[in-house]
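Subject: Structure handover

Hello,

Here is the structure I said I would pass on. Please open it next to this message and follow along as you read.

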Amino acid sequence: MKRRIYHTYVAQEKFRRSFQDFAGFTLLELLIVVAILSALAFGAVSMVDEAEEHVRFDTNKSRLVNMRHAVIGDLQGHLTQPPVIHGYVADMGRLPNSVSELLIQGAQPTWGYNTNADIWAGWRGPYIHTLTTSNGNKSFSDGWGNFGDTNNFGWRFEADQDAGTLLVQSYGADGASGGTGYNLDYPESGYLVHEYEALIDIARWRVQVILSNSSGSGGDDDDDDDDDDDDSAGDDLPAADTYVRLHLHYPEEGNLDWPATWPSTDEERDAAPYLSKKIKIKGNEVKEGDTLQVEFDFGDTSKKIPFGVRSFTVVENDTGDVFGTADQGGIRTEILPRTQLPTETITWELE
C-alpha cells in the first residue's frame with residue numbers, strides 16, 4: 001500500500017513541475033506578444049482606412065465624370081446616328097459659372113422654343129441628379145464631402161467663357177490646396193472641359209445655300225417686269241441689288257432673341273461670330289421659278305460658338321431682317337465637338 005502511494009506522489013510531482021515549466025511567460029515574452037497583436041490591429045485598421053480612402057477617391061472620380069457629362073454631354077453619343085446632343089453648354093450657350101447652376105435654375109431662362117430660329121434653348125436641368133440635404137437645399141460635394149460654399153460645394157471651379165475651358169478640382173482628403181497621396185488635388189491638371197469641346201471654331205466654314213424662288217413673290221404683276229410668266233405668278237427676286245449674310249442662331253445666356261441691336265457697320269458684322277461675310281445678290285438674279293446657288297463664308301478669323309443644335313437664316317446685311325420672306329424659320333444644323341464642321345447645302349425659299 002505504501003509503495004502505491006509513493007508512486008502516485010512521484011507522478012504528481014513530475015506533472016506539477018512539467019506544467020510549471022510550460023505555463024509561465026516572462027515579461028519579455030508578454031511584451032513581444034502584445035507588440036505583435038498591436039501590429040496586427042494597426043495593420044487591420046490601416047487597411048480599413050486605406051480601403052475607405054480609395055472608395056472616396058473612386059467616388060470623387062465618378063462625380064467628376066458626372067459633372068463633365070452634365071456640362072458637355074457624352075462625346076461618344078455625338079458620334080451616333082442621329083447624334084445624342086445634350087448638356088448645359090448645348091442648352092444655355094455657355095459654360096456654367098458654378099456647380100449650383102447645374103443643380104438649381106434660379107434666374108436662368110426656362111427651356112423654350114424660338115419660332116424665328118426654329119430651335120429650343122434655356123435651362124432644362126437639373127443636369128446632375130443628387131439628394132436634397134436636410135435643410136432642403138441641393139448640393140454636390142466631392143468624394144470626401146468637402147462642402148465649402150453654397151455655389152461650388154468645396155470644388156475648385158473656374159470657367160473661362162472666352163477660351164471655352166472649365167477647370168474643376170477636388171482639394172482631396174484634407175480639403176486644402178496641395179498635399180500628397182489622397183490629400184493631393186485631383187485631377188492634377190484640373191481641366192474638366194478642354195479647348196474646342198464646349199466652343200467650336202467656325203473660321204473658314206463655308207455653307208452652300210440654294211436660293212429658291214419657286215413661285216415668285218406673289219401679288220399683282222405688270223408688263224414692265226422681267227419675268228416670262230403670267231401676271232398672277234409674281235416677280236423675279238430680288239428687285240434690286242441686295243447684300244445678304246448667313247445668320248447662325250445659338251443661345252446666349254439661354255436666350256435666342258439677340259442681338260438686341262443689329263451691328264451698325266460692316267466691320268462689326270464681319271467680326272460677329274454668328275454672321276458670315278456678306279455676298280451680293282444682283283437685282284432680278286433669282287428668276288421666278290428658278291434657283292441660284294451661292295456660298296457663304298465665315299471668314300478666316302477665329303470665331304467660337306457653343307456646340308449644339310443650331311440654325312441658319314439668310315438676312316439682309318443692313319437690317320438683319322430675314323431675306324425674301326417674313327415667316328420662314330431657321331434651317332437646323334448640328335455643330336459638335338471633335339468632329340468636322342458639317343458640309344451643308346441648304347435651300348432658302350424666297351417666296
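R204 is found in the loop between β6 (199-201) and β7 (206-212); helices (H or I, at least four residues) and strands (E, at least two) are DSSP runs, numbered from the N terminus. R204 has a positive phi of about 70 degrees, although R204 is not a glycine. R204 counts as exposed because its relative accessibility is 52%; buried means under 20% relative accessible area, exposed over 50%, and partly exposed in between, with a 1.4 Å probe and protein chains only.

Before the rest, two notes on the source. This is a predicted model, in which local features need pLDDT of at least 70 and side-chain atom pairs count only at pLDDT 80 or more, while totals for chains, interfaces and linings use all residues. Residues are numbered from 1 along each chain as its sequence is written, and side-chain values use heavy atoms, with hydrogens and water left out.

S302

S302 lies in the loop between β10 (291-297) and β11 (304-306). With 45% relative accessibility, S302 counts as partly exposed. The C-alpha atoms of S302 and I202 are separated by 7.0 Å, although these residues are 100 apart along the chain. Leaving aside residues up to four places away in sequence, S302 touches D201 and A203; contact means heavy atoms within 4.5 Å. The side chains of S302 and D201 are joined by a polar contact of 2.9 Å. A polar contact is a pair of N or O atoms within 3.5 Å; within protein, one must be able to donate a hydrogen and the other to accept it, and residues adjacent in sequence count only if both atoms are side-chain atoms.

The loop between β2 and β3

F153 lies in the loop between β2 and β3. Its phi is near 55 degrees, a positive value in a residue other than glycine. F153 counts as buried, because its relative accessibility is 5%.

D142 has its place in the loop between β2 (119-121) and β3. The side chain of D142 does make a polar contact with the side chain of S170, at 2.7 Å. A polar atom of the D142 side chain also lies 3.0 Å from the backbone nitrogen of G145. Not counting residues up to four places away in sequence, D142 touches several residues, among them N60, F153 and W155.

P126 is in the loop between β2 and β3 as well. The peptide bond from G125 to P126 is cis, with omega near 5 degrees.

W258 and P259 are joined by a cis peptide bond with omega of about 0 degrees. P259 is found in the loop between β8 (242-249) and α5 (266-271).

The sheet

An open sheet is formed by three strands in the order β3-β4-β5, with antiparallel pairing; two strands pair if DSSP finds at least two bridges between them. Its edge strands, β3 (156-160) and β5 (191-193), each pair on one side only. β3 and β4 (residues 165-169) pair in the antiparallel sense over five bridges. E158 stands opposite L167 in β4.

Regards
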